[in-house]
Amino acid sequence: MDKINRHSHYPYGIIDCDVHPYPADKDAIKAYLSQPWRDRYNGGGRGHYSNPVHGERLDSRPPGGGPGGSDPDFLREQHIKPYGIDHCVLLPRAFCNLHPDPDFATAIAAAYNEWLAETWLGKHNYDGVFKGSITIAHQDPAAAAAEIDKWAGHPHFVQVMTDSGARAPFGQRQYYPIYEACARHGLPFAIHPGTDGMGINIQPSPGYPTHYIEWHTCLSLGFQAHLVSFITEGVFERFPDFRIVLVEGGVAWLPALMWRLDAEYKALRYEVPWLTKRPSEYLRDHVRITSQPLERPDQDSHLLQTLEMMDAKQLLMFASDYPHWDFDSPQFAFPKLPVDLRKRIFSDNARAWYGL
């Protein structure tokens, strides 16, 4: 891959809001688990909705062995240096949110946080390029809040994360302890796909898809449901400092969903009297969405119109999804953008949202 001269192509450092670090093997996580969880833990994964071809870029596997995303130094050489990336926001894949045992799920989340803090955010973060996400198990909101409190003061944790797979829409009140903790510490709450329809979690579609392509395409349905729930349940009114990030759930659906919700609100506002403004007006203060996977219509002009309609200048943040198979390159993910819009998407919006 040709090296990119940041000063000629990108006069600002890119913030990549979705990079996945992986342990070299399950024993790396077992080391942070006490009994009986250590013997029960057998790694994570999605089972029947795993990619049937390969889930990662084949060239992302480090020369020394291990899965893609398991070697911080190789990630620097392959991804950070070529594109002039200032920070990678790391989202580990613990897959803890599918377990019916909330104590086991909480233990896995805690182990991943210890592992990330000691490795990627610790001894491998000499340049401060890596910023982390606090993994929580939403099955036990009180324990999740305690985990947030534990790590909130760490200089390199910049958000809280969970899977989009859940037993109920995220606006419902059983999750409030998580949001109270996020707001208390000024940490955004990131939602990432991964366990929809697995373990205890419900599919966002009417039933179970037959193929991975169907499941993967419809992941955006869960994000839409959670966003409508956050807004209509009044979460942003109850917690004025609470903010969310929708990661890897698609982009183009946002304008149409908000048009529909705003229209419904005109006739049904009596049902949600706690809302003080149109649903779409909550987005700028409380919601950001990451770009990968970015839908690319045949005509670039249509995408540019969609970005304008969704207020991408304020709401959109760049993400690559490294090292996964559907990686979006900073060079090729977008058509040519106006200079100011590109800078906002690739750098400024994330710097402001995460306080970088």
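Q: Is Phe 170 buried or exposed?
A: Phe 170 counts as buried, because its relative accessibility is 0%. Buried means under 20% relative accessible area, exposed over 50%, and partly exposed in between, with a 1.4 Å probe and protein chains only. This is a predicted model, in which local features need pLDDT of at least 70 and side-chain atom pairs count only at pLDDT 80 or more, while totals for chains, interfaces and linings use all residues. Residues are numbered from 1 along each chain as its sequence is written, and side-chain values use heavy atoms, without hydrogens and water.

Q: How are the rings of Phe 170 and Phe 189 placed, and why is the pair edge-to-face?
A: Their centres are 5.9 Å apart and their planes stand at 80 degrees, so the pair is edge-to-face. Rings of Phe, Tyr and Trp (its six-membered ring) pair if their centres lie within 6.5 Å; planes under 30 degrees apart count as stacked, over 60 as edge-to-face and the rest as tilted. Phe 189 is buried too, with a relative accessible area of 1%.

Q: How many aromatic pairs does the count come to?
A: The count comes to 22 aromatic pairs. One aromatic cluster includes Phe 170, Tyr 179, Phe 189 and Phe 242.

Q: Which residues is Tyr 179 in contact with, leaving aside neighbours within four places in sequence?
A: Tyr 179 is in contact with Phe 170, Phe 189, Phe 230, Val 235, Phe 239 and Phe 242, where contact means heavy atoms within 4.5 Å.

Q: New topic: where does the charged end of Arg 40 sit?
A: That end sits over the ring of Phe 104, 4.4 Å from its centre. The rule requires NZ of Lys or CZ of Arg within 6 Å of the ring centre and within 35 degrees of the ring normal.
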